[in-house]
Amino acid sequence: MRPVELKKDIYWVGAVDFDIRNFHHYSRAPEGSTYNCYLVRDEKTVLFDTVDAHSYGEMVKHISEIVEPEKIDYIVCNHLEPDHSGALPRIVKLCRPEKIFCSVMGQKSMTNLYDTTGWPIEVVKDGTRLSIGSRNITFLETRMLHWPDSMVSYLEEDKVLISNDAFGQNIASSFRFADECDRGQLLASMKRYYYNIVLPYSPQVLKTLKRVQDLGIAIDVIAPDHGLIFRTPEDVQFVLDWYRTFAEQKPKLRAVIAYESMWNGTAKMAEAVADGLDAEGVPYALVNLQQQHCSDVMAELADSSALVLGSATRNNMPMVNMMACIAHVKGLRPQNLVGAAFGTYGWSGEAPKIMADALVEMKADVVGEPLKCYFNPNADDLAKCRALGVEVARALKEKCGASA
Ligand SMILES: Cc1cc2nc3c(=O)[nH]c(=O)nc-3n(C[C@H](O)[C@H](O)[C@H](O)COP(=O)(O)O)c2cc1C
Ligand SMILES: [Fe+2]
Ligand SMILES: [Fe+2]
């Protein structure tokens, strides 16, 4: 890997993590990820963000191919989560910057995360402008996109937006730019990232998009801190349009059936529910939580507005991957869902009701009663499952029709 110039004297100097699959220890990243940071050479040499601690060497190698790291004057920390700041203590020690810029909340987390004794921290506010020579930088706070400290850096003359976690995707590749990558792969990765990381902050996304529009900021390049960089007018528009679509969460005519089973009874029920959806012409994804991760459910929800949960009852509870799935999905606050629940049982059968209650807490429109089948579902039971699938399909059609 080599540093890549995005615009004159603006370089990508980050790290590509081909190995990572467990992003932030909660979301699968089937294609790895990158930690992007950017070096700008002007009267002042500025490093925007750093990388995670274990990628420090790769970042320093890239910086060194452009300038001696000791020549860095300023470091900008748009966000202090360790995937962007883990390498900060070592790079500060190496280059002894004149200033380190961050938001008020950034300073709070920086001084808690690291021993910042003697660090020349300078707090910037929303809208603060900084001249670095021939260039001016504007800092815009984007609180909760991703953390309270988050901000973005806009390079006015170059019209480059260094957007930190916003507009990211988890793709490890030798490519640096979105226009070099397969479009389907890019979009799938954007969906997985947004739905597993950004989704709860969708109101802030819509606010930020409006703000950018109101400020009339021209953007030639969106350079996020994960994945590929958007550098063509079509790609900038592509990612802005998709962010609006993701954030709006309008109903989509597709369902996700997520289930967990020990001896296959609940799996048979899941297939019968799918048959009911099929009969109504509603596409679906069937996610077996023994094989797939709860973040796969969220990736599927990017295209779906029905969530049907199935689990056998085990020790009076849904099974553990289902419980993890419920915790993961609920925390990400998906909107506008149709829901339903089902499962097999042997004596007490609490799981379907517990899952249905969880869907109610997610403000889903839950259809039908929680559906229980004794041990191995018989023909009558399977007919009820198909009927539940049909009911979900019809409720979803109505929801989608109502929003059209
Ligand atoms: C370890 C274990 C614990 C169970 N606990 C319960 C329970 O608390 N209440 C209940 O109704 N059934 C319980 N069952 C029975 C299962 O729910 C029943 O076997 C069901 O048919 C399994 O569905 P599956 O074929 O989808 O795995 C338990 C089964 C196992 C193996
Ligand atoms: Fe983050
Ligand atoms: Fe990040």
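S64 is found in helix α1, which spans residues 56-64. In this predicted model, S64 is partly exposed, because 13 other C-beta atoms lie within 10 Å, and a residue counts as partly exposed when that number falls between the limits of 12 or fewer for exposed and 20 or more for buried. S64 and C181 are 117 residues apart in sequence, and their C-alpha atoms are 27 Å apart in space.

**D380**
- D380 lies in helix α12, residues 379-403.
- Is D380 buried or exposed? D380 is exposed, because 9 other C-beta atoms lie within 10 Å, and the limit for an exposed residue is 12 or fewer.
- Along the chain, D380 and H79 are 301 residues apart, and 56 Å separate their C-alpha atoms.

**Domains and their contact**
- The protein is divided into domain 1, residues 4-248, and domain 2, residues 255-398.
- Taken over C-alpha atoms, the centres of domain 1 and domain 2 are separated by 38 Å.
- Eight residues from domain 1 and ten residues from domain 2 make up the contact.
- On the side of domain 1 that touches domain 2, β5 (27-28) and α5 (183-198) each supply at least two residues.
- The most is given by α5, with four residues on that side of domain 1.
- By residue type, the side of domain 1 that touches domain 2 has three nonpolar, two polar and three charged residues.

**Nonpolar core**
- The largest nonpolar core has 126 residues.
- Which residues have the most contacts inside this core? They are Y38, A255, V256, I257, V273, M355 and V392.
- The core lies between domain 1 (4-248) and domain 2 (255-398), because both give residues to it.
- Leaving aside residues up to four places away in sequence, M355 touches L309, S311, P318, M322, I326 and A341.
- In soluble globular proteins, nonpolar side chains tend to be buried together.

**Helix α3**
- In helix α3, residues 88-95, the buried residues are L88, I91 and C95.
- Seen down the axis of α3, these buried residues fall within an arc of 70 degrees, so they line one face of the helix.
- The buried residues of α3 pack against α2, residues 82-85.

**Helix α4**
- Helix α4 covers residues 104-113, and G106, Q107 and M110 are buried in it.
- The buried residues of α4 line one face of the helix, because they fall within an arc of 100 degrees when seen down its axis.
- Strands β10 (99-102) and β11 (121-123) are included in what covers the buried residues of α4.

Definitions and conventions. Residues are numbered from 1 along each chain as its sequence is written. Chains are lettered from A and ligands numbered from 1 in the order in which they are written. This is a predicted model: local features need pLDDT of at least 70, side-chain atom pairs count only at pLDDT 80 or more; totals for chains, interfaces and linings use all residues. The arc is that of the directions from the helix axis to the C-beta atoms. Two residues are in contact if their C-beta atoms, placed from the backbone, lie within 7 Å. A nonpolar core is a set of buried Ala, Val, Leu, Ile, Met, Phe, Trp, Tyr and Cys residues joined through C-beta atoms within 7 Å. Domain bounds come from an automatic or database domain assignment. Ala, Val, Leu, Ile, Met, Phe, Trp, Tyr, Cys and Pro count as nonpolar, Asp, Glu, Lys and Arg as charged, and the others, Gly among them, as polar.
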